[in-house]
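Biologist: Could we go through the salt bridges in this model together? Please start wherever you like.

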Amino acid sequence: MKNTRKITALVLALVMAFSFSLTVFAQSSGSRTEQILSSVSQAGRFKASVTSFSYNSGNVTNNIKFDIYDDLKADKILCDFTDKNIKVLYSDSSISVIFSQFFSYLTFSLTDVTFAPVIGGVKLFQKTFKSFVDDPTLSAFTLTTSSVVRNGRNCTLEYYKGNVVGTSGSFYYDETGRLCEILLSDNVGEYIGFTLSDFTTAFDSSVFSIPLYYFNLSLFWKILQMILPMLGVSIPFITL
């Protein structure tokens, strides 16, 4: 009888230990998106190599490639168009267009209508993406996972829909498990999406600094904005 009790107690102990280990594993394991957002939340920043983007319900699309550096805590974003030697730096007060090849830059107010589409896209991305980063465990979202074909590749889609608000996010992972596309939508249906070739949270904050020896062309640009219309010449627009 004693042996039977000992065996029963041992079995119960093993079952309890096994159940506990499963619980711990379930709590520690999360979706790929949770793992990425947790790392971004801890670092407060990320860098991604973008191969294309879409914005404003698909009305704005572009296949241009650039590296995006985002400091979520300082509210700074740098888009580095390396093949064109042009960088666009967004901060909470201005946008600077940096011409690395000519060691110069232009600074614009966020109220400048010239960059309204850029500013709108940045604000939409920051607001929507932060709603995910600020909730890295995604407790306010419902997850749906599916297998899809995206841009000719077999991908795993992790789709998150807000339980209360209409914010949603589609995170696509290729066959190797690498994040290859993000599509974010706010609660009024506007969206912004990126296809990616790289994603990391490690980079130096100096990328947001304009070298002191770069020449500020902003005053010259303002003078041109006043003179050229008087001469019947349209103001040149910087096309990336």
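Modeller: This is a predicted model. In it, the side chains of aspartate 134 and lysine 130 meet in a salt bridge, with an N to O distance of 3.3 Å.

Biologist: Is aspartate 134 buried or exposed? And how accessible is lysine 130?

Modeller: Aspartate 134 is exposed, at 57% relative accessibility. Lysine 130 is partly exposed, with a relative accessible area of 30%.

Biologist: How many salt bridges are there by this rule?

Modeller: The count comes to four. One of them joins glutamate 181 and arginine 150, whose closest N and O atoms are 2.9 Å apart. Glutamate 181 belongs to strand β11 (residues 179-185) and arginine 150 to strand β8 (residues 141-150), so this pair ties together parts that are 31 residues apart in sequence.

Biologist: Which accessibility values go with that pair, glutamate 181 and arginine 150?

Modeller: Glutamate 181 is buried at 9% relative accessibility, whereas arginine 150 is partly exposed at 27%.

Biologist: And what about arginine 45 and aspartate 71?

Modeller: Their side chains also form a salt bridge, at 3.8 Å from N to O. Arginine 45 sits in strand β1 (residues 45-55) and aspartate 71 in strand β3 (residues 66-71), so the pair links parts 26 residues apart in sequence. Arginine 45 is buried, with a relative accessible area of 16%, and aspartate 71 is buried at 10%.

Biologist: Changing topic, what is the secondary structure of the chain?

Modeller: The chain has four helices and 13 strands. Of its 240 residues, 38% are buried.

Biologist: What is the accessible surface of the chain?

Modeller: The accessible surface is about 13,900 Å², and 60% of that belongs to carbon and sulfur atoms.

How values were computed: Residues are numbered from 1 along each chain as its sequence is written. This is a predicted model: local features need pLDDT of at least 70, side-chain atom pairs count only at pLDDT 80 or more; totals for chains, interfaces and linings use all residues. Side-chain values use heavy atoms; hydrogens and water are left out. Helices (H or I, at least four residues) and strands (E, at least two) are DSSP runs, numbered from the N terminus. Buried means under 20% relative accessible area, exposed over 50%, partly exposed in between (1.4 Å probe, protein chains only). Accessible areas come from the Shrake-Rupley method with a 1.4 Å probe; for residues, only the protein chains shown count as cover.
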